Amino acid sequence: MPLGLLKYGLSSKYPARRHFPPAKDLKRSYDVVIIGGGGHGLAAAYYLARDYGITNVAVLDKGYLAGGNTARNTAIIRSNYLTPEGVRFYEESMRLYRELSEEFSYNILYSVRGHFTLAHTDAAMRTSRWRAEVNKHLGVDSELIYPDDIRKLCPSMNLSDDVRYPILGALYHPPGAIARHDAVAWGYAAGAARRGVEIHQMTEVTGILTENGRVKGVETNRGTIHCNKVLQAVAGSSSLVGKMAGLRLPIRTIPLQACVSVPLKPFLDQIVVSGSLHVYVSQSSRGELVMGGSTDPYALYSTRSTLDFKESLLGHMLELFPFLGEVSVLRQWAGMTDMTPDFSPVMGLTPIENYYIDSGWGTWGFKATPICGRTMADTVATGVAPKLIEPFRLSRFDEFAQVGEKGAASVGH
Amino acid sequence: MNGTGVNGAGMNGAGRLPAPAGRLIDRNRTVQFNFEGRSYEGFAGDTIASALAANDVWLLSRSFKYRRPRGVLTMAGQDANTLVQIGPEPNVLADRRSIGNGISVLGQNYDGSLENDRGRWVESFGRFMPVGFYYKAFYKPKSAWKFWERVIRNKAGLGKVDVDAHHGYFDKQYLFADVAVIGGGPAGLSAALQAAEAGAEVILVDDTPELGGSLNYARFDGSGEMARTVGGELRAAVALTPNIRVLSAATCTGWFSDNWLPVIAGDRLYKMRAKAVVMATGSIEQPMVFRNNDLPGVMLGSAAQRLISFYGVKPGRRAVVATANADGYGVALDLIEAGVAVQAVVDLRPSVAPSPLAKAIFNRGIRVVTGHTIAEAMPSAARDRVAGVLVAEITGEGTFAQAAETIECDLVCMSVGYTPAGQLLHHAGTKFFYDRASHMFQPGVVPAHVFPAGSVNGTYNLDTVIAEGRHAGWAAAKDAGLAAGAEPAMSGEKGAAGQTHPWPIFPHPKGKDFVDFDEDLQVKDLINGLADGYDNIELLKRYSTVGMGPSQGRHSAVAAVRITAKETGRDIAGMSVTTQRPPYMPEKFGHLAGRVFEPERHTAMHHRHIEAGAKMMVAGLWYRPAFYGPSENREQAIREEVLSVRENVGLIDVSTLGGLDIRGADAAEFLNRLYTFAYAKQPVGRSRYVLMTEQAGAIIDDGVACRFHDEHFYVTATTGGVDAVYRQMLFWNAQWRLDVDVANVTAAYAGVNIAGPRSREVLQKLCDDVDLSAEAFPYMGVRTGTVAGVPVRLLRVGFVGELGYEIHIPASQGEVVWDALMAAGQPFSIRPFGVEAQRVLRLEKGHIIVGQDTDGLTHPYEADMAWAISRKKPFFVGGRSIEIQAEKGLTRKLVGFTLDDPQAPVPEECHLVIRGGAIVGRVTSAVRSPSVGKVIGLAYVAPDQAEVGQSFDIRIGGGRMIEARVVPIPFYDPENKRQEM
């Protein structure tokens, strides 16, 4: 029995440790307002407080804490990207992830599982090799492997030729991991709150105040807040919030759905992704299969679920794992993903002075949470975007300097 | 186990009650099955749980976290207490699944045996497992979690999968209804009848084997006669109505936009589209919370009634009924009639509200204790069944007096209230609001074309339920566009008040007072979660996992809201339950997958390739021959196919290439705007290369445009690209409104390319209406004519770099022409070649493959295709972007290369070009060329190393660097004489 739990068992009264203070009144002004109380916004608040001593900060969320895409993603963490810019960025994120539990004194259930990106076509094999070569060049553990190797690592997968899309190989990324998404956000929230950051749930931003091209504050459903700096860190509504500030973002918002099975005894350790079959799956520590497919075929600001998503996903799941026919889906849900043209995020400065942006996180935002927080805190504090995120600047679309990551997307599009 | 084994096997029927109890079982048909290795008998119509209960087996499974013994809770398939394993099928609802002859059933989540679980020690460590305990520990040192995660994973989970199992047969069927009625209780039956009377085609979906809902098990008057009469009448009327189709034992698992309803019955998933839906889904009886409220033998009042009425099973010998409404008295009456000794009715209310049911109990002299609660249930010696309860006086909300009376019993029935079974309404976007008068959540605004009726809508009084059902059926039929007639009267008391106790929660200092049975969550777990700061219901749900188990909060959500409101000092009236998401009941992967529709596209010549021994490869939805011959001869086959084209004649199936007919006065202008080249002055009878870029200038497809008429172009596209090209064409055509029509004729034409120095001679034998001479039909010419008597389009194009003809044939005649060409070519030793040989041949000519030699950002200058851009025209899609990027200067360039070292291995596609430790490019294609006799390839390199003669380094497998040298392309026949013969 780990020592951390002894006090719970041995004390007569539950030793509650309030992770976040109770709701407070909004102040009239703050140094920094962060729009969006998901993982990214909370992480930025945390590092602003921890590394820069900036604590007069309000994190605003229109719903409850981390209830947007932080709560809805399938919690996969990897750095096996295609571009050197992407690989370096996500690798740094993974490095931070590995330290988070100890840093927070809160277990984010970071679980290294190994990550397969299955290739069913020559084109997918080429992309896998490309990613493997770029990854290895940058010190990231990735390898193109073949069905015999896959069989050894994940014997339950159907590697037969006698299927519609036989598996030709896979990009194998041993450090690929999953974590408890809520815990990541809560850890950041607790750490930020402990340092004085205010977190305001059910506080919706309804307007952005600017003057002479400089941000002055935000309007909310609870009144106007004045501030020197604003960080926009919302997901699903990036283009709408950007519009309030007068920004036209190169983002289309498309629903992405997911579902979980009933809990099962462990049989799948790895994270398995197939772009051709529009499947990604891992088994959580609770025993549920956490599954996703491809984004919906049209743009929509909605988190409704559909039946055809499940039909397609489970059809393909059974191609990979035919023995799961009798297993059931327990729950399905949807999130809204902010897709950019090059499948890379939009981070850093904007044409509005002191208005900073962390958006365009499409289907890949969770894994970047720590590094986004860190680099956006740096950006907000210093007014300069660090080199690591410079390639993701908003102006890249005007400069024909896109960072093409479509080939590294797990989710079918 | 109490008594099992003594009166267990072979005693089927002994514990059974006489008819009319047991309405679902057929006592003439016994069924033998196994549970936990022992053989039992039940009757046809029994569920696993009822058959075991008839054999006095009450322990069915072990709980998720503490491995506590669990048994029947609802008898309605609503809870996770009865999840069992049948062969490879995990998490089967034992109180819903029928027994089958010879099935083997196991409990779940134990080590050793169900009765003696070696994992039971977990519970004694329960106090070291506070809410969210896994967040609070196991993270120091880092390796700790790796160990503990495995421990937790093995303890968690419920059923097991068998990785060798084959998935069974499942299928799907579409259904269409004017009015769908979900729920076959009094409201649903009435709604179905009314809608049918209005002329609607009605589909009535009910998840039990027999229509009637609560009429089939509950009591509405002292004698029980009312339910029997009303139920019989409604059922008979439905049976006589031809335009009501009944789906029994069928579960509607979700509501999706526009009344798109999945209904699962047996092995089938019905997908129903209904013009209007009546939601008559009823309500879910809620358990009480007290210490050990999860012991087998503690169940909902309605569960006991179902056991009696449906299966003729006596739910216990001595019972205590805890209640706060009239229905509890109905339960007590049913128990008495079933021969169960009702020790006491414990009524939580200060006094008993008058009702015919309560009156009947008083008349029978049954002990009724008001203002009291069950403070604790006590386990039997074996700890796997309830043996008695402590009954104590209620002293305040959720508190009770120390002094308590012990009452021995083996059955505890809980009848303290309901919550609407509003999941489908939730899916439809309806919010639920707390109603102070009834202490229940009630649906708010429902969307158009959805009509709630009955207890899901807060209506409990039977007459009113029927009236409301009638009204909903009328409204739904009217909504579906039928002349529904006069509006039925809607009157009467809803009867919601007095059904549900506001606080049936009695925390115990020693805990084990379960709010959520699925997740083993006690009252203190929720209170402590709130104290940790997770102080709204959604955060508490995520932190504590309340409502996240297999029953999705059906029995815990309301209690969790009550506790949250109280602990945070908020008014429950302002709160809502957490969002319910589909599905309402778990849906098997097999149901959702069905028979799995994976379309395959076969070309007209598919069977000829198979007969010729081709190794087929996937190309989008198509299959194409990769090469001909056994896999082990791959390299040799490809080489021979290449040489046969170079030296003789070969034939390839190119049917999968896209084909688009562009017709109209603006056809040339349309192509001018869509593609990079110029088409206005393209002569009729000639083809030109086409290269398509997107708005940012990236290459997305290529092909040729053949002009057959001033106003008709036939444009080819790549196999993988044609659908996107067609979409682009439709999109831009809509924008520009030019005078053109676009038709995707890919599937209308089969295509072959006959290529090689002897190709003209072969074709000549089959074609007598086109002059094939070089002068009359030169390279890049296009003609229409007949081949083997079939009208075709002939294209002299040269992807492989030899004299050759692409022949585009009406698809129905593809095989005929293929056969004719093979026959005509026989004297010339013609042989078919596959995609692999074609890839080699095109690389020898330096032709790119879009998607292989380009990526999502490649613009034409980078691909060294400036020659394909017309600068004279004012506009084409991507043109502006291409010029901006060209002016900025290139960051990479595609070059041809060879390896000077004859021993060097062939680099693989996507091996990197490295300079000074940095990635500057990659190999996109490489092969050891049979025609050129060395390794050739295409690669992106830095612009300043792209001149012919410069060298660069490629890192190949194993990290080794090899040197490559830039050479001009084409590698083969640099003057392009052969294709122009």
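Guide: Let's start with a pair of helices in chain B. On one side, B:Pro186, B:Leu189, B:Ser190 and B:Leu193 in H5(B) meet B:Leu234, B:Ala237 and B:Val238 in H6(B). Contact here means heavy atoms within 4.5 Å. The residues of this contact of H5(B) with H6(B) divide into 6 nonpolar, 1 polar and no charged. In that count, Ala, Val, Leu, Ile, Met, Phe, Trp, Tyr, Cys and Pro are nonpolar, Asp, Glu, Lys and Arg are charged, and the others, Gly among them, are polar.

Guide: A word on the ground rules. This is a predicted model, in which local features need pLDDT of at least 70 and side-chain atom pairs count only at pLDDT 80 or more, while totals for chains, interfaces and linings use all residues. Residues are numbered from 1 along each chain as its sequence is written, chains are lettered from A and ligands numbered from 1 in the order in which they are written, and side-chain values use heavy atoms, with hydrogens and water left out.

Visitor: How do I describe the way two helices pack?

Guide: Two packed helices are described by the angle between their axes and the distance between the axes. Here the axes of H5 (residues 186-197) and H6 (residues 225-239) of chain B come within 10 Å and cross at roughly 35°. Axes are lines fitted to C-alpha atoms, for helices over the stretch in contact, and angles run from 0 to 180 degrees between N-to-C directions. Helices (H or I, at least four residues) and strands (E, at least two) are DSSP runs, numbered from the N terminus. The crossing of H5(B) and H6(B) is left-handed; that is, the near helix is turned anticlockwise from the far one by less than a right angle, with clockwise giving right-handed.

Visitor: At what angle do H2 and H10 of chain A cross?

Guide: The axes of H2 (residues 39-52) and H10 (residues 369-382) of chain A cross at roughly 55° and come within 7 Å. H2(A) and H10(A) are therefore oblique to each other (under 35 degrees is roughly parallel, over 145 roughly antiparallel, 65 to 115 roughly perpendicular, the rest oblique). Their crossing is right-handed. The contact includes A:Ala43 and A:Tyr47 of H2(A) and A:Met376 and A:Val380 of H10(A). Its residues divide into 11 nonpolar, 5 polar and 4 charged.

Visitor: Is A:Trp186 buried or exposed?

Guide: Buried means under 20% relative accessible area, exposed over 50%, and partly exposed in between (1.4 Å probe, protein chains only). At 1% relative accessibility, A:Trp186 counts as buried. A:Trp186 lies in helix H7 (residues 181-194) of chain A. Not counting residues up to four places away in sequence, A:Trp186 touches residues including A:Phe20, A:Leu65, B:Tyr135 and B:Tyr534.

Visitor: Where does B:His911 lie?

Guide: B:His911 is in the loop between strand S43 (893-898) and strand S44 (912-915) of chain B. B:His911 is buried, with a relative accessible area of 3%. Leaving aside neighbours within four places in sequence, the contacts of B:His911 include A:Arg129, A:Glu133 and B:Arg922.

Visitor: What covers the buried residues of H12(B)?

Guide: The cover includes strands S27 (514-516) and S28 (521-522) and helices H13 (537-544) and H14 (557-568) of chain B. Among the buried residues of H12 (residues 523-531) are B:Val523, B:Leu526 and B:Leu530. H12(B) is followed by B:Gly533, whose phi is positive, near 110°.
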